[in-house]
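The sequence and structure come next.

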Amino acid sequence: MKKSKQNRKPLPSEQRTRRFELRLSEAERAQFLELEKALGLSRADIVRIRVLQHSKKMLVNTTEIMKLLDGIGTQIGRSGNNINQLAKHANSLQQQGMLHSAIMRDLAPLLTEYIRLQRKLEQSVRRLIRLMRGQT
């Protein structure tokens, strides 16, 4: 098990004894305070992450990302529902002998593209989650 650094006294080289001043306009200050609140990080931690660690960690507004992912999930669900309705209708037409091969020929590439895009989205979401886990 990994021992936490919080339980020991920092080494002299790790102690933060130096101050760094930053001047901002009122608009920049308001933006910084909003970022601090949205991320749940202190101003000092935000600066350390972005400047000292060369953006190895991402600063993300998780609330906004979750809203976007929720919207994407809703749209994927609607698309899946539409595809199921089309499949049901196609099966009904096929049972009646009214399904034209041209419809299936046109539909197949669309379904293939939909599956390709859905897999690409899943990969992107997994990559985003891995990056966000690196932030903690």
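Start with R48 and D45, whose side chains meet in a salt bridge at 2.9 Å, N to O. A salt bridge here is a side-chain nitrogen of Lys or Arg within 4 Å of a carboxyl oxygen of Asp or Glu. The model is predicted: local features need pLDDT of at least 70, side-chain atom pairs count only at pLDDT 80 or more, and totals for chains, interfaces and linings use all residues. Residues are numbered from 1 along each chain as its sequence is written, and side-chain values use heavy atoms, with hydrogens and water left out.

Helices (H or I, at least four residues) and strands (E, at least two) are DSSP runs, numbered from the N terminus. An α-helix has 3.6 residues a turn, so residues three or four places apart point the same way. R48 is partly exposed at 23% relative accessibility. D45 is partly exposed too, with a relative accessible area of 31%. The classes are buried under 20% relative accessible area, exposed over 50%, and partly exposed in between, with a 1.4 Å probe and protein chains only.

Helix α4, residues 101-133, holds another such pair, E113 and R116, 3 residues apart and separated by about one helical turn. Their side chains form a salt bridge at 2.8 Å, N to O. E113 has a relative accessible area of 35%, which makes it partly exposed. R116, at 42% relative accessibility, is partly exposed.

R23 and E21 also pair through their side chains, at 3.4 Å, N to O. Are these two buried or exposed? Both R23 and E21 are exposed. In the whole structure, the search finds 5 salt bridges.

Now turn to the helix packing. Two packed helices are described by the angle between their axes and the distance between the axes. Helix α1, residues 26-39, packs with α2 at an angle of about 90°, and their axes lie 9 Å apart. Axes are lines fitted to C-alpha atoms, for helices over the stretch in contact, and angles run from 0 to 180 degrees between N-to-C directions. That makes α1 roughly perpendicular to α2. Angles of 65 to 115 degrees count as roughly perpendicular, under 35 as roughly parallel, over 145 as roughly antiparallel, and the rest as oblique.

Which residues meet there? From α1 come F32, L33, L35, E36 and L39; from α2 come R43, I46 and V47. Contact means heavy atoms within 4.5 Å. By class, this contact has 6 nonpolar, no polar and 2 charged residues. Ala, Val, Leu, Ile, Met, Phe, Trp, Tyr, Cys and Pro count as nonpolar, Asp, Glu, Lys and Arg as charged, and the others, Gly among them, as polar.

Helix α3, residues 62-95, has 34 residues. From first C-alpha to last, α3 reaches 49 Å, close to the 50 Å expected. The expected span is 1.5 Å times one less than the number of residues. The buried residues of α3 are I65, A90 and L93. Just after α3, G97 takes a positive phi of about 75°.

I103 is partly exposed, at 42% relative accessibility.

Finally, the whole chain. The chain has 4 helices and 0 strands, in the order α-α-α-α from the N terminus. Buried residues make up 7% of its 136 residues.
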